[in-house]
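Subject: A structure for you to explore

Hi there,

Here is the structure I promised to pass on to you. Have a look at it first, and then read on for what turned up in it.

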Amino acid sequence: MSEKRRDNKGRVLKDGESQRKNGTYDYRYTDIHKKRRCIYAKTLAELRQKESDIQRDLADGVDYAAGEITVAELVDRYIKLKRGLKQNSMRAYSSAVNRVHAAPFGQLKIRTVKLSDAKGWFVDLHDSGIKQNTISVLQSVVRPAFEMAVDDDIIRKNPFKFKLAEVVPNDAFVRDALTKEQQKKYLQFIRDYGNDNYYDDIVILLGTGLRVSELYGLTRPDIDFERRCIYVRHQLCRTAEKPYFITEPKTKSGIRCIPMTDSVYMAFRRVLRDRGSPKVEMLVDGYTGFVFLDKDGKPKVGMHLQNYMRGMQRKYVELFGNTLPKVTPHVLRHTFCTNAQQAGLDVKSLQYLMGHSNASVTLDVYTHSNYESVEKAFEQVAANL
């Protein structure tokens with residue numbers, strides 16, 4: 001009978017176990033793919049804990065060896081399998097992937113990541129100044145990546161299956177709709193102190209609820225003065241890598257026709273009257289004749305208006321103090337939606353105008369009620385009781 005192998009402390013070693021010359025231990029086994037594997041540990045107790053995990057995983061069909069890949073490697077594998085992403089989505093995903101690679105968390109082996117680790121990472125990110133919206137994008141990448149690992153029998157549970165709001169507070173900028181009085185005050189301020197080249201842009205956004213990328217994507221054929229309507233069929237976008245490019249609306253519901261109010265109709269007339277005729281009309285992905293041009297005769301993009309409105313906000317505060325809420329292009333969209341809802345427009349029609357695929361978004365996110373609007377609505381209902 002052969003003598004049993006022992007370590008330098010006289011302890012009997014099991015099949016597959018051995019002690020190396022430097023005193024550490026290793027264990028050799030065959031994985032679920034019939035490949036020979038080897039793991040290492042500083043102590044025999046640590047090695048046998050790993051052995052126990054491996055045997056349990058082998059019995060359940062979990063690929064222990066694949067669990068040795070890092071979080072960053074797993075995310076890379078997931079992203080490579082994604083297809084059909086729009087450019088804006090791909091840009092957001094790429095930023096999230098870069099953040100994973102740059103973080104020490106990204107170098108952890110996925111089989112070692114626990115629920116508390118995942119939550120702790122998000123808390124650390126928030127404490128370092130990262131906003132909840134950014135962390136939410138990050139979760140939209142790592143959560144399905146880990147779910148893929150579960151489906152592939154690499155790990156047992158997805159540590160990112162939790163609600164972000166349970167861990168990180170919602171610190172996003174709250175976009176309150178402007179009241180009627182605030183709308184008048186803001187437009188008058190822009191007219192008195194601002195640049196005429198942007199006044200009509202703001203009037204149109206306030207009167208249509210268009211996204212700023214939809215507004216600046218409009219070309220001459222999209223404006224129908226005879227029917228007094230606007231055809232929304234594409235958006236004009238810009239990134240640091242790509243100055244101009246055309247994308248489809250955010251959802252299929254974004255393709256729509258928006259009627260013009262009198263103020264919007266006159267604003268478009270003024271824009272086209274003052275537009276001028278550039279020597280060369282810029283061509284972007286097959287589209288030309290953009291309605292809104294900058295001082296150089298090139299199509300405006302959202303960044304132009306956002307920068308302009310930020311500057312005007314600072315000027316307003318200097319002159320009049322904080323007597324108006326922060327106004328952005330998206331606040332104008334909120335305000336339009338709230339105005340339409342309070343005027344009695346039915347939900348489905350409002351959903352169509354806003355280009356939403358889900359009516360709950362229209363009501364829950366883009367409309368704001370106050371006591372006066374509720375009181376007025378109740379009076380109308382009470383009259384019929």
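Leaving aside its neighbours within four places in sequence, which residues is T208 in contact with? Please keep in mind that this is a predicted model. The partners of T208, with those sequence neighbours left out, are I230, I258, V264 and F336. T208 itself is found in helix α7. With a relative accessibility of 0%, T208 counts as buried, because buried means under 20%. The side chain of T208 also reaches the backbone nitrogen of L210, at 3.3 Å.

As general background, nonpolar side chains in soluble globular proteins tend to be buried together.

Not counting residues up to four places away in sequence, L305 touches Y198, I202, L205, V212, Y216 and P329.

Three strands form an open sheet in the order β1-β2-β3, with antiparallel pairing. Why is one side of β1 and of β3 left without a neighbour in the sheet? Both β1 (17-19) and β3 (36-41) stand at the edges and have a single partner strand each, so one side of each has no neighbour there. From one strand to the next, the twist averages 25°. Strand β2 (residues 25-30) pairs with β3 over 6 bridges, in the antiparallel sense. To see this pairing for yourself, find D26, which stands opposite Y40 in β3.

In general, most residues other than glycine have a negative phi. D153 is not a glycine, yet its phi is positive, at about 60°. D153 lies in the loop between α5 and α6, and is partly exposed with a relative accessible area of 37%. D285 is not a glycine either and has a positive phi of about 50°. The place of D285 is the loop between α9 and α10, and D285 is partly exposed, at 47% relative accessible area.

The loop between α5 (132-151) and α6 (180-193) also holds A165. Is A165 buried or exposed? A165 is exposed, because its relative accessible area of 64% is over the 50% cut-off. The C-alpha atoms of A165 and Q132 are separated by 8.6 Å, although these residues are 33 apart along the chain.

Last, the cysteines. How many disulfides does the structure hold? The count is 0. C257 is in no disulfide, and the nearest cysteine sulfur, that of C229, is 3.4 Å away. That pair does not count because a disulfide needs the two sulfur atoms within 2.5 Å. Another cysteine, C237, counts as buried, at 8% relative accessibility.

Enjoy exploring, and write back with any questions.

Best wishes

How values were computed. Residues numbered from 1 in each chain as written. Predicted model: local features only at pLDDT ≥ 70, side-chain atom pairs only at ≥ 80, totals over all residues. Heavy atoms only, no water. Buried < 20%, exposed > 50% of the residue type's maximum accessible area, 1.4 Å probe, protein only. Helix = DSSP H or I, 4+ residues; strand = E, 2+ residues; numbered from the N terminus. Pairing = 2+ DSSP bridges. Axes fitted to C-alpha atoms, helices over the stretch in contact; angles between N-to-C directions. Contact = heavy atoms within 4.5 Å. Polar contact = N/O pair within 3.5 Å; in protein donor to acceptor, adjacent residues only side chain to side chain.
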